[in-house]
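Here is a briefing on one protein chain. Look over the sequence and the structure before reading on.

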Amino acid sequence: MPRVLDVVRIQLVHWPALLGYPLLALAAMPPLGWGIDVSNGETARGAHEIYLLPMLLGAIASAHLQTMTQVFPFTLGLGVTRRAFAAATALVVLGQALLLGLGLVAFDIVERLTGGWGRETRIFGLDVLGHGNPLALWLVYSGPLVAVSAIGVLAGVVFQRWRHTGIYLAIFGSVALLVAMGALAKTQNWWPSIGSFLGGQPSIGSFLGGQPSLTLFTAYPLVFALALGGAAWLVLRRATA
């Protein structure tokens, strides 16, 4: 465990990418939302939502891609094992998601207290995320952050193992798979059933607020992240500096 914590400290050397830029993106969302409202003029009236949260997801994914392509080769040169590096990466991903999730909860509280930044704007308190207590909302925010981090980690490992060829093949393969699945769902008329399934997910404990969004935005992303993490570990075992 001490060895893993040492690797965590090494990864945190590039804290601007892991925390600085995501926090900057988080802080930039309210003024960006205000600018969008101003540019829309009279159409920005009444309660409305502005979808800026993907900014944060992009910053997080790129940070972990850098970890795998820059920090990983460096730590291998220091004699760090791949197992220790993988464990440290998991701790960093979890800690980053919980910290940024807490920041999102804080901004959501401020958003509600200020009446939507004075314009009835909802940037953080989106209806699709539910309106549970702060603990439930913290988990709802953190789940997708872990999943996106796992995507960045896997992309970085694939690049480290197979370089640009691996990335291109992964992108084309993923797009082809999604298109094939979408076409199959359409031909079999599965979309109404899928929508009903996703819209009727059970909650995870009434003590967390009884929010169905906990299953959709916390449980499923964590399962997805574990699957990608397992795939990343299989590739990492063969990756070289």
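Gln 96 counts as buried because its relative accessibility is 3%; buried means under 20% relative accessible area, exposed over 50% and partly exposed in between, with a 1.4 Å probe and protein chains only. Gln 96 sits in helix 4. Helices (H or I, at least four residues) and strands (E, at least two) are DSSP runs, numbered from the N terminus.

The model is predicted: local features need pLDDT of at least 70, side-chain atom pairs count only at pLDDT 80 or more, and totals for chains, interfaces and linings use all residues. Residues are numbered from 1 along each chain as its sequence is written, and side-chain values use heavy atoms, with hydrogens and water left out.

**Surroundings of Gln 96**

- Neighbours within four places in sequence are set aside here; beyond them, Gln 96 is in contact with Leu 18, Leu 19, Pro 22, Ile 60, His 64 and Ser 149.
- Contact means heavy atoms within 4.5 Å.

**Nonpolar core**

- In soluble globular proteins, nonpolar side chains tend to be buried together.
- The largest nonpolar core holds 50 residues. Such a core is a set of buried Ala, Val, Leu, Ile, Met, Phe, Trp, Tyr and Cys residues joined through side-chain atoms within 4.5 Å.
- Leu 56, Leu 104 and Phe 124 have the most contacts inside this largest core.
- Two or more core residues come from each of helix 1 (2–11), helix 2 (15–40), helix 3 (54–77), helix 4 (82–113), helix 6 (134–187) and helix 8 (213–236).
- Helix 6 is the biggest contributor to this core, giving 11 residues.
- Leu 104 is in contact with Leu 26, Leu 53, Leu 56, Phe 124, Tyr 141 and Leu 145, leaving aside neighbours within four places in sequence.

- Which residues of helix 1 are buried? They are Val 4, Val 7, Val 8 and Gln 11.
- Seen down the axis of helix 1, these buried residues fall within an arc of 105 degrees, so they line one face of the helix. The arc is that of the directions from the helix axis to the C-beta atoms.
- An α-helix has 3.6 residues a turn, so residues three or four places apart point the same way.
- Exposed Pro 2 and Arg 9 are carried on the face of helix 1 turned away from its buried side.
- Helix 2, helix 3 and helix 4 are what the buried residues of helix 1 pack against.

**Helix packing**

- Two packed helices are described by the angle between their axes and the distance between the axes.
- Helix 1 packs on helix 4 at an angle of about 60 degrees, and their axes are 8 Å apart. Helix 1 is therefore oblique to helix 4.
- Axes are lines fitted to C-alpha atoms, for helices over the stretch in contact, and angles run from 0 to 180 degrees between N-to-C directions.
- Angles under 35 degrees count as roughly parallel, over 145 as roughly antiparallel, 65 to 115 as roughly perpendicular and the rest as oblique.
- Helix 1 and helix 4 cross in a right-handed sense. A crossing is right-handed if the near helix is turned clockwise from the far one by less than a right angle, and left-handed if anticlockwise.
- Helix 3 and helix 4 pack at about 155 degrees, with their axes 12 Å apart. Helix 3 is therefore roughly antiparallel to helix 4.
- The crossing of helix 3 and helix 4 is right-handed.

- Gly 116 lies in helix 5 (residues 116–120). Gly 116 is buried, with a relative accessible area of 7%.
- The C-alpha atoms of Gly 116 and His 48 are 9.0 Å apart, although 68 residues separate them along the chain.
- Most residues other than glycine have a negative phi, and most peptide bonds are trans.
- Trp 117 has a positive phi of about 60 degrees without being a glycine. Trp 117 is in helix 5 and is partly exposed at 26% relative accessibility.
- Asn 189 also has a positive phi, near 60 degrees. Asn 189 lies in the loop between helix 6 and helix 7 (191–199) and is exposed, with a relative accessible area of 55%.
- Val 13 lies in the loop between helix 1 and helix 2 and counts as exposed at 64% relative accessibility.
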